[in-house]
Amino acid sequence: MKQNLVVIPTFNEIENIEDILIAVMNVTTPMDVLVVDDNSPDGTADKVLQIAKEYPNRIFLKKRMKKNGLGTAYVAGFNWALKNNYTYIFEMDADFSHNPNDLPLLLQACENGADVAIGSRYVKGVNVVNWPLSRVLLSYFASVYVRFITGMKVMDTTAGFICYNRKVLEQINLERIKFVGYAFQIEMKYRAFSRTFKLVEVPIIFTDRTKGKSKMSGGIIKEAVLGVLQLRFKKLFNKL
């Protein structure tokens, strides 16, 4: 078995990709990286290949033909990780909203018994930097809503900075994952929760991107609101 793989989905992240890859390579605990790029027209994939030459067998690229959503990018990355025998598989954004130096904290939580370690913005207060108040409130109360509907005891249900033990991804049935945005993050946690895996939140500081453009949209928010209800109904009828 190989140890740690960080899956980073990208679409037009040329301004961030070199710096984030080098930062992950410099983390004290060795981490490999798989970039799942959705055919970025800005040359993100070419930059990944260029940097990968400097770190043989540590940086990998999976290039997809078109932009198909965050959730499908992660599922593609998770399947690649399982096929290549990694024990711990991480989700992380390319834009430094997640600090690469926090990766060992998530790993430690899993090594200490967590099946899913969540880099949480809300488990100890509200730890978000550079977001407008409206977006902080939207994110925070989205998690309140999700907890109410699903019964999960997770403060940051939409978090996208995660470490999974491979056994979780093996048992969740990735081919049935439906959602692509905020709802994807909720669905992954809820499927793990429904199978009685241990979810642990690790406090982090989330810093909004300073380079590139956010991929947030109204459609993603709508998907999350309606998607939670769909997940709950599926669970009630044993179809999750």
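**View 1. Thr87 and the residues it touches.** Leaving aside residues up to four places away in sequence, Thr87 touches Met1, Lys2, Gln3, Tyr164, Asn165 and Arg166, where contact means heavy atoms within 4.5 Å. This is a predicted model, in which local features need pLDDT of at least 70 and side-chain atom pairs count only at pLDDT 80 or more, while totals for chains, interfaces and linings use all residues. Residues are numbered from 1 along each chain as its sequence is written, and side-chain values use heavy atoms, with hydrogens and water left out. Thr87 sits in strand E4 (residues 86–91); helices (H or I, at least four residues) and strands (E, at least two) are DSSP runs, numbered from the N terminus. Thr87 is buried, at 18% relative accessibility. Here buried means under 20% relative accessible area, exposed over 50%, and partly exposed in between (1.4 Å probe, protein chains only).

View 2. Strand E2 (residues 32–37) runs parallel to E3, and the two pair over 5 bridges. Look for Val35, whose bridge partner in E3 is Leu61.

**View 3. Salt bridges between side chains.** A salt bridge is a side-chain nitrogen of Lys or Arg within 4 Å of a carboxyl oxygen of Asp or Glu, and the count comes to 7. One of them joins Asp115 and Lys167 (3.2 Å, N to O). These partners are 52 residues apart, with Asp115 in the loop between helix H4 (103–111) and strand E5 (116–120) and Lys167 in helix H6 (residues 166–171). Asp115 is buried at 9%, whereas Lys167 is partly exposed at 34%. Another salt bridge joins Arg166 and Glu170 (3.0 Å, N to O). Because Arg166 and Glu170 are 4 residues apart in helix H6, about one helical turn separates them.

**View 4. Arg121 with two partners.** Which residue does Arg121 meet in a salt bridge? The partner is Asp156, at 2.7 Å, N to O. Both residues are buried, Arg121 at 4% and Asp156 at 0% relative accessibility. Arg121 also lies over the face of Phe206, at 5.2 Å from the ring centre. A charge sits over a ring if NZ of Lys or CZ of Arg is within 6 Å of the ring centre and within 35 degrees of the ring normal.

**View 5. Aromatic rings in pairs.** Rings of Phe, Tyr and Trp (its six-membered ring) pair if their centres lie within 6.5 Å; planes under 30 degrees apart count as stacked, over 60 as edge-to-face and the rest as tilted. The count comes to 9 aromatic pairs. Tyr122 and Tyr140 are edge-to-face, because their planes stand at 85°, with ring centres 5.4 Å apart. Tyr190 and Phe193 are stacked, at 6.1 Å centre to centre and 20° between the planes. Ring pairs also link Tyr74, Phe78, Tyr164 and Phe184 into a cluster.

Terms used. Two strands pair if DSSP finds at least two bridges between them.
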